[in-house]
Amino acid sequence: MIAVIDYSAGNLFSVSNALSYLGIEHCMTMDADAIRKADAMILPGVGAFPTAMESLHGTGLVSTICAEAKKKPLLGICLGMQMLFEESDEVTPCKGLGLIPGSVHRIPSQKVIIPHMGWNELEIRQDSPLFAGIDLPMYAYFVHSYQAFCDNRYLLATADYDGQIPALVTDGGYVFGAQFHPEKSDEKGLQMLRNFAEVTK
Amino acid sequence: MLAKRIVPCLDVRHGKVVKGVNFEGVKDVGDPVACAAEYNRQGADEIVFYDIVASHEGRGTFLDVVRETAKQVFVPLTVGGGISTVDDMRQALRAGADKISINSAAVKNPKLIAEGAEIFGSQCIVVGIDAKRNGKGGYSVYANGARIDMGIDLLDWVVEVERLGAGEICLNSIDTDGVRGGFDMEMLQAVCARVRIPVIASGGAGKLSDFADVFLQTDATAALAASLFHFGELTIGEVKADCRSKGIAVR
């Protein structure tokens, strides 16, 4: 059972639709007990960082999520991935969950169109069970204006957008984050969600 | 490298696709869910559902189509037609849309762009614009299905749209729409040069090379077409193969 954390994030239902389609048992929940009992967690998210952190704090789940992330897999998606880091300066400086060392800032290039919107190719930096059964090249669907900045050791994949954008990250343990939307990245994105469900077993 | 997007648009009336072709394997050509699944199979990068009636009574049926599609097609879905309030946006997003396209409502009430961006995020607010040459060397913005000249200059409007927080612009040239002689390169590039948000080219695609041409000649990041794909004259795969052969990155 995967607990999809419900703090009114916009892509909550897309994530749930994708898991249902794949036949992966899950629930959308804001209940700490349900999260403790689940085999894994998914943190969705779209919109602005401080608003999302405020909503997440509003559920009272932050300490539970951080404690459980030491024991079972957690996948943050899009803004949910950015929230795994220590802080962001989107709109106003704001603390994140601090599960992966690093911070979130606006995409620095002055040459590219912002937001980074559309399908970009993943460049694999480290092997991971999340890539199982996926034939390269893999294009994934991105839509964001801010990006993570972190040490290379946390990078599983990046995307080239006049600079390397962290696309798939990990803390080296149970915590994973996808800047792109696997739930909107067609067959290969679905395969990645399937792989995440396998990791939980 | 970011791929250029090919975006089919499905015009929906009373829960059915307006006109349509016999896709192999699609039994009901009028079934929007089946058509969206077929476009997905062909490699569509996003799919747009446009409610051409946009009546209050027909809204539920239209949103049911979006809801069903979102359960089986996992690429971004955009919903347009008749969205004029934040509540309309919320309903469409809850039904499974990833983006909302607003057009006339944004021209008449620009605050709607800012409100939508504030609540749901810029990434889901697409501003559709119908524009036409004004005979004085510029372009005018039209509303109500490209029928009413709003007396607004296009290049001023796109700057305003970006400032208000739109995540994307879908630019339809009334001059080239339906003519099938290619996209309006001049108008598109004028807009691309003014804004930093992505611009989707719409209106005028008539043949295979039109898609590669718009990507080679303008900074548009996506190209949209309806009838060309509806009638099966071209598949999305054919369009992508042509782009790829000309060195354009596509998925």
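Mentor: An axis is a line fitted to C-alpha atoms, for helices over the stretch in contact, and angles run from 0 to 180 degrees between N-to-C directions. The model is a predicted one, in which local features need pLDDT of at least 70 and side-chain atom pairs count only at pLDDT 80 or more, while totals for chains, interfaces and linings use all residues. Residues are numbered from 1 along each chain as its sequence is written, and chains are lettered from A and ligands numbered from 1 in the order in which they are written. Helices (H or I, at least four residues) and strands (E, at least two) are DSSP runs, numbered from the N terminus.

Let us begin with the helices. In chain B, helix 8 (residues 209-217) and helix 10 (residues 236-245) have axes that come within 8 Å and cross at roughly 45°. Helix 8 of chain B and helix 10 of chain B are therefore oblique to each other; angles under 35 degrees count as roughly parallel, over 145 as roughly antiparallel, 65 to 115 as roughly perpendicular and the rest as oblique. Helix 8 of chain B contributes B:Ser209, B:Phe211, B:Ala212 and B:Phe215 to the contact, and helix 10 of chain B contributes B:Val239, B:Asp242 and B:Cys243. Residues are in contact if their C-beta atoms, placed from the backbone, lie within 7 Å.

A second pair in chain B is helix 1 (residues 32-42) with helix 2 (residues 59-70), whose axes come within 9 Å and cross at roughly 40°. Helix 1 of chain B and helix 2 of chain B are also oblique to each other. In this pair, B:Pro32, B:Val33 and B:Ala36 of helix 1 of chain B meet B:Val65, B:Glu68 and B:Thr69 of helix 2 of chain B.

The residues that make the contact are B:Val86, B:Met89 and B:Leu93 on helix 3 of chain B, with B:Glu115, B:Gly116, B:Ile119 and B:Phe120 on helix 5 of chain B. Chain B also touches chain A, and the contact takes 27 residues from each of the two chains.

We now turn to the strands of chain A. An open sheet of nine strands has the order 2-1-3-4-13-12-11-8-9 in chain A, with mixed pairing; two strands pair if DSSP finds at least two bridges between them. Its edges are strand 2 (26-29) and strand 9 (139-144) of chain A, each of which pairs on one side only. On average, neighbouring strands of this sheet are turned by 30° against each other, direction ignored.

Within that sheet, strand 4 of chain A deserves attention. Strand 3 (residues 40-43) of chain A runs parallel to strand 4 (residues 74-77) of chain A, and three bridges join them. A:Leu74 is the bridge partner of A:Met41, and A:Gly76 is that of A:Leu43. Strand 4 of chain A is also joined by four bridges to strand 13 (residues 175-178) of chain A, again in parallel. There, A:Gly76 has A:Gly177 as its bridge partner. In a regular strand the side chains alternate between the two faces of the sheet. Accordingly, A:Leu74 and A:Gly76 point one way from strand 4 of chain A, A:Leu75 and A:Ile77 point the other way, and all are buried. Buried means 20 or more other C-beta atoms within 10 Å of the residue's own, exposed 12 or fewer, and partly exposed in between, with C-beta atoms placed from the backbone.

A:Pro73 lies in the loop between helix 4 (62-68) and strand 4 of chain A. A:Pro73 is buried, with 25 other C-beta atoms within 10 Å. Apart from neighbours within four places in sequence, A:Pro73 is in contact with A:Ala40, A:Tyr174, A:Phe176, A:Phe196, A:Val199 and A:Thr200.

Chain A also has an open sheet of four strands, in the order 6-5-7-10 and with mixed pairing. The edge strands here are strand 6 (94-95) and strand 10 (146-149) of chain A, each pairing on one side only. Strand 7 (residues 103-106) of chain A pairs with strand 10 of chain A in the antiparallel sense over four bridges, and A:Arg106 stands opposite A:Tyr146 of strand 10 of chain A.
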